[in-house]
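Q: I have a protein to look at for class. Can we go through it together?

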Amino acid sequence: HFAGRTSRIPPPLLCFPAWDRKMGRFFALMAAMAGAVADPPANQQSALAAAMDIMAKSNTPPPPPRQHTVLKVGLKEFEASVVQGIEKELEGKIPKSAAPEVVAGWRNATEAMVKKEYENATAPIKHLVAESWMKLKDDKKDQFASMISAKYAEIYNKSLPQFVRRVGVPAQFEHTFSSMEHFNSSLAHSIASPTATLVKQMKDYTDLIYYGNIFLQARKAMSLIAIILPDVE
């Protein structure tokens with residue numbers, strides 16, 4: 001009655017040419033256990049051992065994720081020092097005629113303004129340091145990070161007084177504290193110049209240290225595509 005007709009349901013292997021890994025292990029485990037029951041007693045132990053090995057492999061945890069590198073070059077610490085220095089400079093200079101909103105919120109406004117301007121300005125420096133570190137050979141990476149950290153520390157020490165001094169100039173005028181808008185505008189203008197100077201010095205010395213590290217080594221060509229750069233703080 002069915003002669004000459006072709007079944008619409010193809011064999012399982014034709015339906016699913018690529019078995020899921022877990023399903024493959026499941027069927028292998030079933031086959032091993034079936035062999036343990038059907039085989040003579042002498043072969044049951046080896047069959048069961050094979051089944052247990054399959055179970056162990058299927059439960060093997062994935063390898064731990066690769067630890068992400070963080071380069072500590074003092075950026076966060078210097079930001080905190082700038083905020084503290086400015087607050088100390090302004091603390092005794094808020095006039096009695098200052099707007100209530102300034103009296104109540106100048107500290108928070110200072111921290112927010114420094115964070116915004118400083119982090120926006122140093123973002124390219126973070127990328128430059130991370131990219132330069134990535135391009136170096138492994139035996140040069142630690143030396144580069146150490147030299148950058150030491151040089152940045154020198155730059156920070158020379159730059160901090162400039163931030164404080166520039167903020168102290170408009171603080172001598174009562175108009176600076178007449179409203180939060182005037183205070184924020186004055187603060188942003190005061191820290192713009194020392195921030196620009198700081199970033200330029202950091203970039204110049206980063207380039208200098210980087211090229212100094214590769215002077216005696218062969219330049220290794222590499223693509224940065226799909227490479228996770230280290231964090232810089």
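Q: Let's start with one residue. Is F177 buried or exposed, and what is its relative accessible area?
A: This is a predicted model. In it, F177 has a relative accessible area of 1%. Buried means under 20%, so F177 counts as buried.

Q: And F183, buried or exposed?
A: F183 is buried, at a relative accessible area of 3%.

Q: How many aromatic pairs does a search of the whole structure find?
A: The search finds 6 aromatic pairs. One of them joins F177 and F183, with 6.0 Å from centre to centre and 35° between the planes, and that pair is tilted.

Q: Why give both a distance and an angle?
A: Because a pair of aromatic rings is described by the distance of the centres and the angle of the planes.

Q: Which residues do ring pairs link into a cluster?
A: The cluster consists of F78, Y118, Y152, Y156 and F163.

Q: Back up a bit. How many helices and strands are there?
A: The protein has 7 helices and 2 strands. Along the sequence the pattern reads α-α-α-β-α-α-α-α-β.

Q: What is the span of α4, and what should it be?
A: Helix α4 covers residues 75-91, which is 17 residues. At 1.5 Å a residue it should span 24 Å, and its end C-alpha atoms are 24 Å apart, so the two agree.

Q: Which residues of α4 are buried?
A: They are L75, F78, E79, V82, V83, G85, I86, E87 and L90. F78 also belongs to the ring cluster.

Q: What covers them?
A: The cover includes α5, α6 (138-168), α7 (180-214) and β2 (231-232).

Q: How many residues does α5 have, and where is its kink centred?
A: Helix α5 runs over residues 100-135, 36 residues in total. From first C-alpha to last it reaches 53 Å, close to the expected 52 Å. The kink is about 60° and is centred on W106.

Q: New topic: which lysines sit over rings?
A: K141 lies over the face of W133, 4.2 Å from the ring centre. The charged end of K151 sits over the ring of Y205, also at 4.2 Å from the centre.

Q: Last one: what share of the whole protein is buried?
A: Of the 233 residues, 33% are buried. The accessible surface comes to about 15700 Å², and 59% of that belongs to carbon and sulfur atoms.

Terms used. Residues numbered from 1 in each chain as written. Predicted model: local features only at pLDDT ≥ 70, side-chain atom pairs only at ≥ 80, totals over all residues. Heavy atoms only, no water. Phe/Tyr/Trp six-rings, centres within 6.5 Å; stacked < 30°, edge-to-face > 60°. Buried < 20%, exposed > 50% of the residue type's maximum accessible area, 1.4 Å probe, protein only. Lys NZ or Arg CZ within 6 Å of the ring centre and 35° of its normal. Helix = DSSP H or I, 4+ residues; strand = E, 2+ residues; numbered from the N terminus. Areas by Shrake-Rupley, 256 points an atom, 1.4 Å probe, with all protein chains shown as cover. Expected span 1.5 Å × (residues − 1). Bend = angle between axes of the 7 residues up to and from the residue. Contact = heavy atoms within 4.5 Å.
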